[in-house]
Amino acid sequence: VNGIFSYERPNFANTDNTLITSFRSTTSDQLTDYGFKTENTGFSLGSSFEQYENTKLSPSFSIDYEDMETNATASTNLKKQQGTYLDAYINYSLDYDLRDLKYQTTEGSRTIWYQALPVHSENYEIVNGITHTIYTPLINDMVGRLSVYTRAVNALGSDKDVRLSKRLYIPSRRLRGFQSGKIGPIDNGAYVGGNYVSTLNVSTTLPRILPDFQNTDLSLFFDAANVWGVDYDDTIKDNSTIRSSLGVALDVNTVIGPLNFSLSQPITKHSSDKTEIFRFNLGTTF
(Lines give C-alpha, C1' and ligand atoms only; values in the text may rest on other atoms or scores of the structure.)
Protein backbone atom coordinates (compact mmCIF):
# COMPACT_ATOMS: atom_id res chain seq x y z
CA VAL A 1 0.00 0.00 0.00
CA ASN A 2 1.53 3.30 -1.12
CA GLY A 3 0.40 6.87 -0.56
CA ILE A 4 2.04 10.14 -1.53
CA PHE A 5 1.12 13.83 -1.43
CA SER A 6 3.31 16.08 -3.57
CA TYR A 7 3.21 19.86 -4.07
CA GLU A 8 5.16 21.90 -6.65
CA ARG A 9 5.27 25.70 -6.74
CA PRO A 10 6.83 27.16 -9.93
CA ASN A 11 8.64 30.52 -9.71
CA PHE A 12 8.76 30.31 -5.92
CA ALA A 13 9.28 33.78 -4.35
CA ASN A 14 9.94 35.18 -7.86
CA THR A 15 13.21 33.21 -8.14
CA ASP A 16 12.38 31.22 -11.31
CA ASN A 17 12.94 28.11 -9.16
CA THR A 18 10.38 25.41 -8.52
CA LEU A 19 9.72 24.44 -4.89
CA ILE A 20 8.94 20.74 -4.44
CA THR A 21 7.66 19.10 -1.24
CA SER A 22 6.20 15.65 -0.62
CA PHE A 23 4.90 13.40 2.14
CA ARG A 24 4.76 9.63 1.63
CA SER A 25 3.80 6.44 3.42
CA THR A 26 4.43 2.86 2.31
CA THR A 27 3.44 -0.45 3.90
CA SER A 28 4.51 -3.86 2.60
CA ASP A 29 2.90 -6.65 4.63
CA GLN A 30 4.45 -10.03 3.73
CA LEU A 31 4.21 -11.58 7.21
CA THR A 32 1.86 -14.38 6.17
CA ASP A 33 3.72 -15.40 3.02
CA TYR A 34 7.37 -14.58 3.71
CA GLY A 35 7.65 -13.55 7.37
CA PHE A 36 8.36 -9.80 7.16
CA LYS A 37 6.59 -6.45 7.13
CA THR A 38 8.00 -2.98 6.46
CA GLU A 39 6.42 0.41 7.12
CA ASN A 40 8.03 3.60 5.87
CA THR A 41 7.01 7.24 6.39
CA GLY A 42 8.96 10.04 4.77
CA PHE A 43 9.20 13.72 3.89
CA SER A 44 11.25 15.55 1.27
CA LEU A 45 11.94 19.18 0.39
CA GLY A 46 13.67 20.25 -2.78
CA SER A 47 13.96 22.60 -5.70
CA SER A 48 14.39 22.49 -9.46
CA PHE A 49 15.99 25.14 -11.66
CA GLU A 50 17.88 25.58 -14.92
CA GLN A 51 21.56 25.47 -14.04
CA TYR A 52 22.79 25.79 -17.63
CA GLU A 53 21.10 25.99 -21.01
CA ASN A 54 18.96 22.87 -21.47
CA THR A 55 20.29 21.51 -18.15
CA LYS A 56 18.10 21.36 -15.06
CA LEU A 57 19.42 20.69 -11.55
CA SER A 58 17.00 19.21 -9.00
CA PRO A 59 18.43 18.86 -5.46
CA SER A 60 16.38 17.68 -2.47
CA PHE A 61 16.69 16.62 1.16
CA SER A 62 14.67 13.67 2.46
CA ILE A 63 14.02 12.07 5.86
CA ASP A 64 12.49 8.60 6.27
CA TYR A 65 11.45 6.57 9.30
CA GLU A 66 11.18 2.81 8.77
CA ASP A 67 9.96 -0.04 10.96
CA MET A 68 10.73 -3.61 9.88
CA GLU A 69 9.05 -6.55 11.62
CA THR A 70 9.70 -10.27 11.13
CA ASN A 71 8.27 -13.52 12.46
CA ALA A 72 9.51 -17.09 12.81
CA THR A 73 9.03 -17.89 9.10
CA ALA A 74 11.43 -15.18 7.89
CA SER A 75 14.91 -16.11 6.72
CA THR A 76 17.82 -15.71 9.13
CA ASN A 77 19.24 -12.78 7.14
CA LEU A 78 15.94 -10.90 7.10
CA LYS A 79 15.56 -11.40 10.86
CA LYS A 80 18.89 -9.63 11.33
CA GLN A 81 17.40 -6.56 9.61
CA GLN A 82 14.46 -6.28 12.02
CA GLY A 83 14.23 -2.94 13.83
CA THR A 84 13.59 0.77 13.33
CA TYR A 85 15.65 3.08 11.14
CA LEU A 86 15.92 6.83 10.64
CA ASP A 87 17.51 7.88 7.34
CA ALA A 88 18.43 11.29 5.95
CA TYR A 89 19.58 11.70 2.35
CA ILE A 90 20.65 14.39 -0.07
CA ASN A 91 19.34 13.56 -3.54
CA TYR A 92 19.93 15.31 -6.82
CA SER A 93 19.45 14.87 -10.55
CA LEU A 94 20.96 16.58 -13.59
CA ASP A 95 18.57 16.63 -16.54
CA TYR A 96 20.10 17.45 -19.95
CA ASP A 97 17.07 17.86 -22.23
CA LEU A 98 17.40 18.32 -26.00
CA ARG A 99 13.89 17.19 -26.99
CA ASP A 100 11.95 19.27 -29.49
CA LEU A 101 8.75 18.86 -27.47
CA LYS A 102 8.19 17.86 -23.83
CA TYR A 103 4.94 16.08 -24.78
CA GLN A 104 4.64 13.77 -27.81
CA THR A 105 8.33 14.22 -28.64
CA THR A 106 9.32 13.64 -32.27
CA GLU A 107 13.12 13.98 -32.11
CA GLY A 108 15.99 14.80 -29.78
CA SER A 109 17.45 13.23 -26.67
CA ARG A 110 17.32 13.42 -22.89
CA THR A 111 19.94 12.33 -20.35
CA ILE A 112 19.31 12.22 -16.58
CA TRP A 113 22.00 11.53 -13.98
CA TYR A 114 20.68 10.66 -10.48
CA GLN A 115 22.44 10.18 -7.15
CA ALA A 116 21.29 9.68 -3.55
CA LEU A 117 23.91 10.43 -0.87
CA PRO A 118 23.42 9.39 2.77
CA VAL A 119 23.68 12.02 5.52
CA HIS A 120 22.52 9.70 8.31
CA SER A 121 21.76 6.00 7.82
CA GLU A 122 22.32 2.63 9.43
CA ASN A 123 24.24 1.23 6.46
CA TYR A 124 24.89 4.41 4.47
CA GLU A 125 23.61 3.19 1.12
CA ILE A 126 24.51 5.24 -1.96
CA VAL A 127 22.45 5.12 -5.17
CA ASN A 128 23.78 5.98 -8.64
CA GLY A 129 21.86 5.92 -11.88
CA ILE A 130 21.60 7.25 -15.41
CA THR A 131 18.79 7.31 -17.96
CA HIS A 132 19.41 8.13 -21.62
CA THR A 133 16.62 8.37 -24.21
CA ILE A 134 16.80 9.08 -27.94
CA TYR A 135 13.87 10.00 -30.22
CA THR A 136 14.04 9.94 -34.01
CA PRO A 137 11.41 10.60 -36.71
CA LEU A 138 10.54 7.72 -39.06
CA ILE A 139 8.32 7.42 -42.12
CA ASN A 140 4.60 8.31 -42.07
CA ASP A 141 4.95 10.48 -38.93
CA MET A 142 6.13 7.49 -36.93
CA VAL A 143 8.58 8.15 -34.07
CA GLY A 144 11.23 5.71 -32.88
CA ARG A 145 12.41 5.69 -29.29
CA LEU A 146 15.38 4.01 -27.59
CA SER A 147 15.93 4.29 -23.82
CA VAL A 148 18.56 2.88 -21.45
CA TYR A 149 18.00 2.91 -17.67
CA THR A 150 20.51 1.85 -15.00
CA ARG A 151 20.61 1.91 -11.19
CA ALA A 152 23.10 0.63 -8.60
CA VAL A 153 22.86 0.68 -4.80
CA ASN A 154 25.79 -0.17 -2.52
CA ALA A 155 26.46 0.21 1.18
CA LEU A 156 29.53 2.17 2.21
CA GLY A 157 31.87 -0.09 4.18
CA SER A 158 32.96 -3.68 3.57
CA ASP A 159 30.94 -4.95 6.54
CA LYS A 160 27.70 -3.23 5.51
CA ASP A 161 24.83 -4.56 3.38
CA VAL A 162 21.92 -2.87 1.64
CA ARG A 163 18.80 -3.59 3.67
CA LEU A 164 15.60 -4.94 2.17
CA SER A 165 13.70 -1.66 1.70
CA LYS A 166 16.64 -0.03 -0.12
CA ARG A 167 17.13 -2.78 -2.69
CA LEU A 168 16.29 -2.14 -6.33
CA TYR A 169 13.44 -3.37 -8.51
CA ILE A 170 12.77 -2.87 -12.21
CA PRO A 171 10.16 -0.13 -12.78
CA SER A 172 7.04 -1.88 -14.09
CA ARG A 173 6.74 0.48 -17.08
CA ARG A 174 10.21 -0.62 -18.26
CA LEU A 175 9.52 -4.36 -18.38
CA ARG A 176 6.11 -5.31 -19.67
CA GLY A 177 5.15 -8.97 -19.91
CA PHE A 178 6.33 -9.66 -16.34
CA GLN A 179 4.59 -9.10 -13.02
CA SER A 180 5.95 -6.05 -11.21
CA GLY A 181 8.55 -7.00 -8.59
CA LYS A 182 8.28 -10.72 -9.38
CA ILE A 183 11.66 -11.35 -10.99
CA GLY A 184 15.22 -11.55 -9.73
CA PRO A 185 16.79 -12.84 -6.49
CA ILE A 186 14.57 -14.86 -4.12
CA ASP A 187 15.07 -15.23 -0.36
CA ASN A 188 12.85 -17.80 1.39
CA GLY A 189 10.29 -17.47 -1.42
CA ALA A 190 10.25 -13.66 -1.41
CA TYR A 191 11.47 -11.57 -4.34
CA VAL A 192 13.98 -9.24 -2.66
CA GLY A 193 15.24 -7.14 -5.57
CA GLY A 194 18.89 -6.61 -6.36
CA ASN A 195 21.84 -4.29 -6.01
CA TYR A 196 21.84 -3.58 -9.74
CA VAL A 197 19.20 -2.90 -12.38
CA SER A 198 19.48 -2.24 -16.10
CA THR A 199 16.85 -1.95 -18.84
CA LEU A 200 16.66 -1.38 -22.59
CA ASN A 201 13.45 -0.19 -24.24
CA VAL A 202 12.90 0.18 -27.99
CA SER A 203 9.58 1.32 -29.42
CA THR A 204 7.96 2.95 -32.41
CA THR A 205 4.62 4.65 -32.81
CA LEU A 206 2.32 3.44 -35.56
CA PRO A 207 0.37 5.55 -38.09
CA ARG A 208 -3.09 6.53 -36.88
CA ILE A 209 -5.72 4.39 -38.58
CA LEU A 210 -8.47 6.79 -37.48
CA PRO A 211 -7.21 10.40 -37.85
CA ASP A 212 -10.05 11.75 -35.68
CA PHE A 213 -8.57 10.04 -32.61
CA GLN A 214 -5.74 12.53 -32.00
CA ASN A 215 -5.48 11.62 -28.30
CA THR A 216 -4.70 7.97 -29.04
CA ASP A 217 -1.25 6.50 -29.76
CA LEU A 218 -0.55 2.92 -30.81
CA SER A 219 3.00 1.58 -30.60
CA LEU A 220 5.12 -1.54 -30.92
CA PHE A 221 7.75 -2.16 -28.25
CA PHE A 222 10.61 -4.39 -27.21
CA ASP A 223 11.64 -4.43 -23.53
CA ALA A 224 14.73 -6.08 -22.03
CA ALA A 225 15.91 -5.89 -18.42
CA ASN A 226 17.83 -7.56 -15.62
CA VAL A 227 18.05 -7.22 -11.82
CA TRP A 228 20.83 -8.95 -9.91
CA GLY A 229 23.16 -8.84 -6.89
CA VAL A 230 22.58 -10.06 -3.31
CA ASP A 231 25.21 -8.52 -1.04
CA TYR A 232 23.75 -9.66 2.29
CA ASP A 233 23.99 -13.42 1.56
CA ASP A 234 26.41 -15.05 -0.87
CA THR A 235 24.43 -18.31 -0.82
CA ILE A 236 21.35 -16.75 -2.47
CA LYS A 237 21.32 -17.10 -6.25
CA ASP A 238 20.83 -13.74 -7.94
CA ASN A 239 18.96 -15.36 -10.88
CA SER A 240 20.78 -13.08 -13.31
CA THR A 241 19.10 -13.48 -16.70
CA ILE A 242 18.14 -11.10 -19.48
CA ARG A 243 14.36 -10.82 -19.42
CA SER A 244 12.74 -9.61 -22.64
CA SER A 245 9.33 -9.17 -24.19
CA LEU A 246 7.68 -7.98 -27.39
CA GLY A 247 4.27 -6.37 -27.61
CA VAL A 248 1.88 -3.61 -28.57
CA ALA A 249 0.72 -0.69 -26.42
CA LEU A 250 -2.19 1.73 -26.63
CA ASP A 251 -2.03 5.15 -24.91
CA VAL A 252 -5.22 7.17 -24.55
CA ASN A 253 -5.24 10.69 -23.09
CA THR A 254 -8.47 11.39 -21.20
CA VAL A 255 -9.81 14.05 -18.84
CA ILE A 256 -8.96 11.81 -15.86
CA GLY A 257 -5.40 11.22 -17.04
CA PRO A 258 -3.55 8.97 -19.51
CA LEU A 259 -4.71 5.38 -19.88
CA ASN A 260 -2.25 2.72 -21.00
CA PHE A 261 -3.04 -0.79 -22.25
CA SER A 262 -0.40 -3.30 -23.32
CA LEU A 263 -0.32 -6.85 -24.67
CA SER A 264 3.06 -8.55 -24.22
CA GLN A 265 4.73 -11.83 -25.06
CA PRO A 266 7.78 -12.76 -22.95
CA ILE A 267 10.69 -13.92 -25.11
CA THR A 268 13.42 -14.76 -22.59
CA LYS A 269 13.04 -15.27 -18.84
CA HIS A 270 14.28 -17.11 -15.75
CA SER A 271 12.36 -20.15 -14.54
CA SER A 272 11.39 -18.34 -11.32
CA ASP A 273 9.94 -15.24 -13.03
CA LYS A 274 6.23 -14.43 -12.92
CA THR A 275 4.84 -13.32 -16.27
CA GLU A 276 1.71 -11.51 -17.42
CA ILE A 277 0.20 -10.94 -20.86
CA PHE A 278 -2.12 -7.95 -20.35
CA ARG A 279 -1.53 -4.78 -18.34
CA PHE A 280 -3.60 -1.67 -17.68
CA ASN A 281 -2.29 1.53 -16.10
CA LEU A 282 -3.87 4.85 -15.22
CA GLY A 283 -1.12 7.45 -14.88
CA THR A 284 2.01 8.67 -16.61
CA THR A 285 2.54 7.07 -20.00
CA PHE A 286 5.86 5.46 -20.95
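Analyst: One term before we start: contact means heavy atoms within 4.5 Å. Also, this is a predicted model.

User: Thanks! Which residues is S47 in contact with, leaving aside its neighbours within four places in sequence?
Analyst: S47 is in contact with N17, T18, I20, L57, S58 and P59. The residue itself is found in strand 3, residues 36-52.

User: What does the side chain of S47 reach at 3.2 Å?
Analyst: That would be the backbone oxygen of T18.

User: And is S47 buried or exposed?
Analyst: S47 has a relative accessible area of 19%, so it counts as buried because the cut-off is under 20%.

User: Switching to charges. How many salt bridges does the count come to?
Analyst: The count comes to twelve salt bridges. One of them joins the side chains of D87 and R163, at 2.3 Å from N to O. That pair links distant parts of the chain, 76 residues apart. D87 sits in strand 5 (residues 83-97), while R163 is in the loop between strand 8 (143-155) and strand 9 (186-187).

User: Are D87 and R163 buried or exposed?
Analyst: D87 is buried, and R163 is buried too. They also belong to a network of salt bridges that links E66, D87, R163 and K166.

User: Which residue does R176 form a salt bridge with?
Analyst: Its partner is D223, with the closest N and O atoms 2.9 Å apart. This pair links distant parts of the chain as well: R176 is in the loop between strand 8 and strand 9, D223 is in strand 12 (residues 216-228), and they are 47 residues apart. R176 is buried at a relative accessible area of 5%, and D223 is buried at 0%.

User: What about E39, which side chain does it meet in a salt bridge?
Analyst: The side chain of E39 meets that of K37, at 3.8 Å from N to O. E39 has 35% relative accessibility, so it counts as partly exposed.

User: OK, now the greasy parts. How many residues does the largest nonpolar core have?
Analyst: The largest nonpolar core has 15 residues. Those with the most contacts inside it are V153, I170, L175, I183, V197 and V227. Strand 8 and strand 12 are the elements that give two or more residues to this core, and strand 8 gives the most, with three.

User: What does V197 touch, not counting residues up to four places away in sequence?
Analyst: V197 touches Y149, T150, R151, L168, Y169, I170, N226, V227 and W228. There is also a second, separate core of eleven residues, including M68, A74, V230 and Y232.

User: What joins the side chains of D251 and N260?
Analyst: A polar contact of 2.4 Å joins them. D251 is found in strand 13, residues 243-254, and it counts as buried at 12% relative accessibility. The C-alpha atoms of D251 and E50 are separated by 30 Å, and the two residues are 201 apart along the chain.

User: Where is I139 found?
Analyst: I139 is in the loop between strand 7 (125-137) and strand 8. It is exposed, with a relative accessible area of 62%.

User: Last topic, backbone angles. Which value is phi of N11 near?
Analyst: Phi of N11 is near 50°, a positive value in a residue other than glycine. Most residues other than glycine have a negative phi. A13 has a positive phi too, near 55°. N11 lies in the loop between strand 1 (2-9) and strand 2 (18-30), and A13 is placed in the loop between strand 1 and strand 2.

Terms used
Residues are numbered from 1 along each chain as its sequence is written. This is a predicted model: local features need pLDDT of at least 70, side-chain atom pairs count only at pLDDT 80 or more; totals for chains, interfaces and linings use all residues. Side-chain values use heavy atoms; hydrogens and water are left out. Helices (H or I, at least four residues) and strands (E, at least two) are DSSP runs, numbered from the N terminus. Buried means under 20% relative accessible area, exposed over 50%, partly exposed in between (1.4 Å probe, protein chains only). A polar contact is a pair of N or O atoms within 3.5 Å; within protein, one must be able to donate a hydrogen and the other to accept it, and residues adjacent in sequence count only if both atoms are side-chain atoms. A salt bridge is a side-chain nitrogen of Lys or Arg within 4 Å of a carboxyl oxygen of Asp or Glu. A nonpolar core is a set of buried Ala, Val, Leu, Ile, Met, Phe, Trp, Tyr and Cys residues joined through side-chain atoms within 4.5 Å.
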